[in-house]
Amino acid sequence: MINRPGQQRIVITGFMGAGKTTVAVALAQRLGCSSADLDELVTAREGRTPQELIDEAGEAAFREAETRALVEVLSEGEARVIALGGGAFARQRNRAALAAAGCLTVWLDAPFELCWRRIQKENSARPLGRDLESARRLYQQRLASYRLAALSIRVGATQSASDIAAAIIAAALAAGAPPDTAP
Ligand code: S3P
């Protein structure tokens, strides 16, 4: 692992629109480390965005590409904070890879209504969130997986990404898993 020993990776999960990418950036800033976004890693590796992969090759092909990108970043990537796509943590193979790599997993527990408002703003980018009822069903189905994360952070509309990053650090400290803030 390129990460320094003792620097546990922190992996952010949660539904589409929970704020995973922006929180990962804010958290990395606070910890003085780099962050990565799994959707962007998939895009760089495959030459197509998750949206294009799902629309053109199907969700199963996208999930395979997503797992390959995750395994790669865990074994070779430098990023210490990783934002997953909303479905990645629902796949047992991915959770096993995260556990094997000793990652601290964090669920951004945002209410469906907040996620849906944000999804609607950029609906075209989210093929699995195109209509209210299927997005709500997916949200409900995914809750059991998200609850498997080591930490859960309740997220509301008024908190900034920086507030949420601070809450993650506080929760990690309280859980006895202090993120090493040394540069
Ligand atoms: C997905 C979420 C998306 C992206 C893909 C599938 C999902 O990521 O990975 O469209 O299954 O929930 P975000 O959660 O970053 O929108």
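Residues are numbered from 1 along each chain as its sequence is written, and side-chain values use heavy atoms, with hydrogens and water left out.

Confidence comes first. The protein chain has a mean pLDDT (the predictor's confidence in each residue, from 0 to 100) of 92, and 92% of its residues reach 70 or more. Over residues 1-5, however, pLDDT stays under 50; for this stretch the model has 14 contacts (heavy atoms within 4.5 Å) beyond four places in sequence. Where pLDDT is low, the predicted coordinates should not be read in detail.

The whole structure holds 5 of them, where rings of Phe, Tyr and Trp (its six-membered ring) pair if their centres lie within 6.5 Å, and planes under 30 degrees apart count as stacked, over 60 as edge-to-face and the rest as tilted. One of these pairs, Phe15 with Phe112, is tilted, at 6.4 Å centre to centre and 50 degrees between the planes. Phe15 sits in the loop between strand 1 (10-13) and helix 1 (20-31), and Phe112 in helix 6 (residues 112-121), 97 residues apart; helices (H or I, at least four residues) and strands (E, at least two) are DSSP runs, numbered from the N terminus. Phe15 also pairs with Tyr139, and this pair is edge-to-face because the ring centres are 5.2 Å apart and the planes lie at 80 degrees. Since Tyr139 belongs to helix 7 (residues 132-146), the pair ties together parts that are 124 residues apart in sequence. Phe15, Phe112, Trp116 and Tyr139 form one aromatic cluster. Buried means under 20% relative accessible area, exposed over 50%, and partly exposed in between (1.4 Å probe, protein chains only). Phe15 therefore counts as buried at 1% relative accessibility, as do Phe112 at 5% and Tyr139 at 8%.

The axes of helix 3 (residues 50-57) and helix 4 (residues 59-76) come within 7 Å and cross at roughly 140 degrees. Here axes are lines fitted to C-alpha atoms, for helices over the stretch in contact, and angles run from 0 to 180 degrees between N-to-C directions. Helix 3 is therefore oblique to helix 4, as angles under 35 degrees count as roughly parallel, over 145 as roughly antiparallel, 65 to 115 as roughly perpendicular and the rest as oblique. Pro50, Leu53, Ile54 and Ala57 of helix 3 meet Glu59, Ala61, Phe62 and Ala65 of helix 4.
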